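Subject: Structure for you to look at

Dear colleague,

Here is the structure that I promised to hand over, with my notes below it. Please keep the sequence and the 3D view open while you read.

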Amino acid sequence: MSLKAEVIDKISALLAAAFGLIAALAWNGAIQELFKVIFGDQSSLVAMFVYAIVVTIVAVIAVILIGRAAGKAKREDEIAATRR
């Protein structure tokens, strides 16, 4: 791979990560506001732990589903490549 292609590849990966961080921060704010509605304006320790646990569970489920989808897509690409 040429240096130019590597630079473009790394920049695109960094931009994707940056947009992912922005999206995560936006969701973080939205979920925090939802918990304020549910638990009230007071930021109790219990509410913070519930928030952290819920976000962790959602993140784990999302990573598992994305990993499965990526694996399936990779297998389909490998099958298509062997047919050529």
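Helix α1 covers residues 3–39, which makes 37 residues, and from its first C-alpha to its last it reaches 53 Å, close to the 54 Å expected at 1.5 Å a residue. Helices here are DSSP runs (H or I, at least four residues; strands would be E, at least two), numbered from the N terminus, and the expected span is 1.5 Å times one less than the number of residues. After α1 comes G40, which has a positive phi near 95°.

Before going further, please note that this is a predicted model, in which local features need pLDDT of at least 70 and side-chain atom pairs count only at pLDDT 80 or more, while totals for chains, interfaces and linings use all residues. Residues are numbered from 1 along each chain as its sequence is written, and side-chain values use heavy atoms, with hydrogens and water left out.

On the surface, L3, V7, I11, L15, F19 and I22 form a nonpolar patch, and together they have about 630 Å² of accessible area. Such a patch joins nonpolar side chains (Val, Leu, Ile, Met, Phe, Trp, Tyr) within 5 Å, or like charges within 9 Å, from residues with over 30% relative accessible area and no salt bridge; the areas come from the Shrake-Rupley method with a 1.4 Å probe, and for residues only the protein chains shown count as cover. I22 is found in helix α1 and is exposed, because its relative accessible area is 52%, where exposed means over 50%, buried under 20% and partly exposed in between (1.4 Å probe, protein chains only).

Turning to helix α2 (residues 45–83), L65 lies there and is exposed at 51% relative accessible area. L65 is 58 residues from V7 in sequence, and the two are 30 Å apart in space, C-alpha to C-alpha. A47 is also placed in helix α2, but A47 counts as buried, because its relative accessibility is 9%. Between the C-alpha atoms of A47 and D77, which are 30 residues apart along the chain, the separation is 45 Å.

How many salt bridges does a search of the whole structure find? The search finds 1, a salt bridge being a side-chain nitrogen of Lys or Arg within 4 Å of a carboxyl oxygen of Asp or Glu. The side chains that meet in it are those of E33 and K36, at 3.5 Å, N to O. Side chains of opposite charge can pair when their charged atoms come close. E33 and K36 are separated by about one helical turn, because they are 3 residues apart in helix α1. E33 is partly exposed at 45% relative accessibility, and K36 is partly exposed at 35%.

Best wishes
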